[in-house]
Amino acid sequence: MEKKPFQLGIIVGRFQTLHTGHELMIDKALALCEQVGVMIGSSQEARTLKNPFSYEERREMLQTVYGDALTIFPLPDIGVGNNCAWGEYVLNKVKECFGMLPDLLVSGKESRRSSWLDNEEGHNVSELYVPKSIEISATEMREYFIRDDRETWQSFTDEKLWERYDEMREIVLSVKDNLFTDSI
């Protein structure tokens, strides 16, 4: 088997819920990295409109689609927003979980991530921005549950998750009026 160009690739996301845009980033990371780590952000929060699913439920969604191809860890918020302090926190959590720094951070192109790796350790991490070629967001995915638009939801979801639609929809409906959030 041919060696991949990166040892450890990291993806950070909330995955509220997992959709084809997320999968595109994960698939790129799997193609380029010997090991892919997924850090599930806002892992301390669940049962709000912005974060309806628990860390465990999100981890299970990822495992349903990817099996053991990913190494998944929680990444609780620390209340600093998307900046260099957040990036330092992420790198420290990755070192704690994997025993090493990543050599690749895979993400969607979002300006708010541009300062994550502005610290000294971050300068040794390559970044791959995966262009948004699929127009979808987790916010829209939650709206499909609220409107009971199963067909559109399925068009942006791996079919391995389709049998969970009713259960996931019930969770989103139960929290649709809970606008409180601790996540940034």
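How many degrees separate the axes of helix 4 and helix 6 where they cross? In this predicted model, select helix 4 (138-147) and helix 6 (165-175), and you will find that their axes come within 9 Å and cross at roughly 95 degrees. Since angles from 65 to 115 degrees count as roughly perpendicular, helix 4 is therefore roughly perpendicular to helix 6. To see the contact itself, show R142, Y144, F145 and I146 of helix 4 together with Y165, M168, R169, V172 and L173 of helix 6; these residues divide into 7 nonpolar, no polar and 2 charged.

Next, turn to the largest nonpolar core, which has 33 residues, and select I11, F15, L18, I26, L62, L70 and W153, the members that touch the most others. Several helices and strands each supply at least two residues, among them strand 1 (6-13) and helix 1 (20-32), while helix 2 gives the most, with 5 residues. Centre the view on I26, which, leaving aside neighbours within four places in sequence, is in contact with I11, F15, L18, L62, Y66 and L70. A second, separate core of 13 residues includes L8, M39, L75 and V90.

Finally, select F73 in strand 3 and F98 in helix 3, whose ring centres lie 5.2 Å apart with planes at 80 degrees, so that the pair is edge-to-face. F73 is partly exposed, with a relative accessible area of 24%, whereas F98 counts as buried at 16%.

Conventions. Residues are numbered from 1 along each chain as its sequence is written. This is a predicted model: local features need pLDDT of at least 70, side-chain atom pairs count only at pLDDT 80 or more; totals for chains, interfaces and linings use all residues. Side-chain values use heavy atoms; hydrogens and water are left out. A nonpolar core is a set of buried Ala, Val, Leu, Ile, Met, Phe, Trp, Tyr and Cys residues joined through side-chain atoms within 4.5 Å. Buried means under 20% relative accessible area, exposed over 50%, partly exposed in between (1.4 Å probe, protein chains only). Helices (H or I, at least four residues) and strands (E, at least two) are DSSP runs, numbered from the N terminus. Contact means heavy atoms within 4.5 Å. Axes are lines fitted to C-alpha atoms, for helices over the stretch in contact, and angles run from 0 to 180 degrees between N-to-C directions. Angles under 35 degrees count as roughly parallel, over 145 as roughly antiparallel, 65 to 115 as roughly perpendicular and the rest as oblique. Ala, Val, Leu, Ile, Met, Phe, Trp, Tyr, Cys and Pro count as nonpolar, Asp, Glu, Lys and Arg as charged, and the others, Gly among them, as polar. Rings of Phe, Tyr and Trp (its six-membered ring) pair if their centres lie within 6.5 Å; planes under 30 degrees apart count as stacked, over 60 as edge-to-face and the rest as tilted.
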